[in-house]
Amino acid sequence: MADGIRLESGGRGELLIAVDGTFRAIGTDGVERTGRVDAALVRRVLGGLGDAPSPVEDPTAARRLTVVGQPGRPGRQWTDGTAAPVPAAAAVLDALLDQLFAEPGAPVALGGALALAAPVARGARTAAAVGAVGGRAAYALVNEDGSFGLTALDDDEALGGSDADAGLLPTAVALGTAAGRSLFAVGGADGSVQVWDAVTGQVAHGTTGGEGAQAVAAAVIGDVPVAFSAGQSGDLRAMRADNGRVLGALPTGGNGATVLRAAHCAGLDLLAAAGADGAVRVWNTADGEQLHLLVGHRGEVRALAVLSVDDQAVLASAGQDRRIRLWDLATGQPVAELDGHTGTVTGLAFLELDGRPVLASCALDGTVRTWDVYDGRPLRGWPAGEWLTALAVDGARLLVGDEHGGITAWDAATGAALQTPPLGRTGTPVTALSRGELLGRAVLVAGFGDGTVLCWDALTATRLVEVPADGGPVNSLDVTADGPDGPLLVCGTAAGAVRAHVLRDGTPYPLPTPHAGPVAGLAFTAEEPPLLVSAGRDGVVAVRDAATGEPRLRFDTGYPGTSALAVTRAGGQQILATVGADLTVRLWHGGSGRPGPVCAGLALPAEVLAFGLLGGRPVVIAGAADGTVLAWSVEDGSRIAELTGGGAAVRSLVARELDGEALLAAGDTAGTLRLWHLASGSLLNEAALEGAPLAIELDEAGVRIVTPGGAISL
C-alpha cells in the first residue's frame, strides 16, 4: 500500500488515510467516501500504537491495521485474533468508518474540525411530470445535467426552460397550480426542493440542499430576525428566521463556508464567512456589497470572532494553519499574527480583562490561550483536555467544549479551572457553543454531535431548555439579540437544515427544512389551499403551502429508503402513500401524518406509486423493479390486483376511470407501455417506445407519454 494508515474492518469496510490527511473509505457495499482528517487525529492513532511483531496474514480476521511510511520506523501491522491485535488507539478510525456510512443525519463521534467528508456525489436522473402551465396541458422534463424544459402537450410549443447552469440535481418533478399561478417543482439529489412560477420563471420558494446549512449565523437587522447559512459549496443564503422567507444570497465563488459570524459595527450590519479555501469574506448585509476579501490563511478556517469598540472593529480568524490572524474591519488590513497553538484552532472569542480587550482561543492541541489584542502578544496558555472543540465567553470566564461532550469553565485571567455544576452531555462531542442573554441573565447554549441543543443559566448551570435532535448533528449555532419574540436560537445541522427556536422555551419556528437525502417523490394537491408534498430517502414526508412554501406538516415515517410518493383525496381527507426499502406501501393521513393501512406483497423495490379508482373506491398502485404492478384497497390495505410485466422496472404509472371502466397504463425502463383493464387484470395493449416512459397522461383523447426525447401520443 502507499504510505499512510489502512484499516480493514470486515463489518464496516476499508479506510485509507494518506500522509497529507486525505482519506478514501470503501463500505462493505462498495460505496466510496472521500475527505480529510485533521493531523491531530493521525497523531493520536500513531501515538497509541507502539510496536508490532512481523505481519501475520489471516484472511479471516475481522480487523487489520497497517501503517507504512512513518519516519524512522518500518511498516507495521496488527491483526485481531493474533498475538498483535489492533490497538485501542484505532477506535477513532472505527468511529470514522461508522460515521461515513451511517444514515444521513445520524449522530457523529467526530466533528467537522477532526474529520470532514466531501459532499456525497448523489445521482441525479431524468424526470418528468404532466400537468398545466398557464391553463394549457403541458409537461415538465428535467434532465440529469440540470437543464429543464416546459412544453405544451398539444403542439410541443416551448413554454420555458433552462440550460445546464440551473444547478439542479433532479430526482423528482411536479407541476401544480396555487394562488392563480402555475408552479413547477423539482426535488434534488441533495435533498432540496425548489419551486418556480412556471409562466414567469421566477423562484417562488425552496430549500437549500443537504450541504446548505453546515454553518449558520444570526442577527436582528432592523427588527427582523435573520438567519444566514452556508454549506461546503455554493453561495451563502439569508432568510427570515421567523418564517423562512428567502431574502437573498451572497456569492462565495462556489466555495461555500465552514464558519460564519454576524456583527454590528460602526452602524453597519456585517457578515464574515470563511471556509476551506482559507479566504475570509466580509459583506455589508444591507446591500450585499462585499467589503473585504481577506487572504493569508493556508488551509481551512474553522473559527471567527468580532470585537467592536466604538467605531472600530477587529476580526479574528484561525483554523488549520494554527495561526490566528487579526484584521481591521474598517480597512481590511492585517493587524497581527498570533502563533502558539500546535493544532487546528477550533474556537475564538473576545473578552475584556483589566480594561483591555483580550482574545481567547482553543484548539485540537488541547490548550486554551489568551492574547492581548492591542499588543498582539500571548498572555497565558494552559492544557484543558485533549481535543477542544468550541469556546464561549461569559464575563471573565471561558467555557470550553470537548470531544467527550464536557464543558469546562476557566478563569481567563489566571487559567485556573473553576468549580461549577456539571455542564455538557456525556458521550457525544460538543460541536458548537454560544453565549446569549435571556430575561436579563446570561445563558450558555451548546450543540452536540447527537443533534441535541441545550441551554443553561451561565452562572448557576441550571438547565433551562432542551431542544431535541432534528436534522442530524448540530454543526453550528448562534443566538440573536432580543427580537420580536425575544432572543432566537439558530442552528445548522449536518442534514442541511436551518433550525430556529424561541430561546426562552425552545418553541420552533417552522422553517423550510431540506431532506437528509435525495427527494424520492413530489406531488401537488388539488385542495384549497393547494399543498406541495415531498418524500425523501431519509423517510421524512414534508407538507408545505404550495404558494408560499410555509411548512404545514413534517413527519418521519420511521422507514428510511423511501423510493416513491403519491397523493389523493378520498373520503373528504388527503391521503398520502409511500413505499420504501421494507417492500411495503404505507398510507398516511395527509393532515396529521397518522399512519393508515399497510400494503404488503412486493417482492422487489418499487420506484413509482399512483392512486386510482376501482368501482368508485380508491386504490393505491405500485410498480416494481421486475415489472410487476400491484394494487391494494386504500380502505384496508387488501391486495386486489397483481399484473405481470415484461421483467423491466416500472418507471411510470397512471390510473383513470373512463366510461365507467378502470384503466391502468404503465411504462417500464425497457421502453414498453402496457395498458390494462384493472378490474379483470386483462392486458389491453402493449407498445414499444423510443426511450423509457417517464410520465403518462391517460384521458378520453388517448395516451400521451413523456420520454427523455419529448412527448408522443398513442
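A pocket, as the word is used here, is an open set of grid points with protein on both sides within 12 Å along at least five of seven lines, and its lining residues are those with an atom within 4 Å of a point. Keep that in mind while we walk through this structure, which is a predicted model.

Let's start with the whole chain. The protein is built from 61 strands and 2 helices. Along its principal axes, the C-alpha atoms fill a box of roughly 90 × 70 × 45 Å. How does the radius of gyration fit with a compact globule? For 714 residues such a globule would come out near 27 Å, and the protein has 28 Å, so the two agree.

Of the 714 residues, 57% count as buried, meaning under 20% relative accessible area. As for contacts between residues at least 6 apart in sequence, 41% of them link residues at least 24 apart.

Now for the empty space. Rolling a probe the size of a water molecule over the atoms shows where such space is left. The second largest pocket has a volume of about 1400 Å³. Which residues lie nearest its centre? They are Val130, Leu522, Ala523, Val567 and Leu609, out of a lining of 49 residues. That lining divides into 31 nonpolar, 10 polar and 8 charged residues. Several strands each supply at least two of the lining residues, among them S8 (127-133), S43 (519-524), S47 (564-570) and S51 (606-614).

Notes: Residues are numbered from 1 along each chain as its sequence is written. This is a predicted model: local features need pLDDT of at least 70, side-chain atom pairs count only at pLDDT 80 or more; totals for chains, interfaces and linings use all residues. Side-chain values use heavy atoms; hydrogens and water are left out. On a 1 Å grid over the protein atoms alone, a cavity is a set of points where a 1.4 Å probe fits but cannot get out, and a pocket is an open set with protein on both sides within 12 Å along at least five of seven lines; lining residues have an atom within 4 Å of a point. Grid points are joined across faces, edges and corners, and a volume is the space filled by probe spheres set on the points. Helices (H or I, at least four residues) and strands (E, at least two) are DSSP runs, numbered from the N terminus. Ala, Val, Leu, Ile, Met, Phe, Trp, Tyr, Cys and Pro count as nonpolar, Asp, Glu, Lys and Arg as charged, and the others, Gly among them, as polar. The radius of gyration is taken over C-alpha atoms; the globule rule is 2.2 Å times the number of residues to the power 0.38. Buried means under 20% relative accessible area, exposed over 50%, partly exposed in between (1.4 Å probe, protein chains only). Contact means heavy atoms within 4.5 Å.
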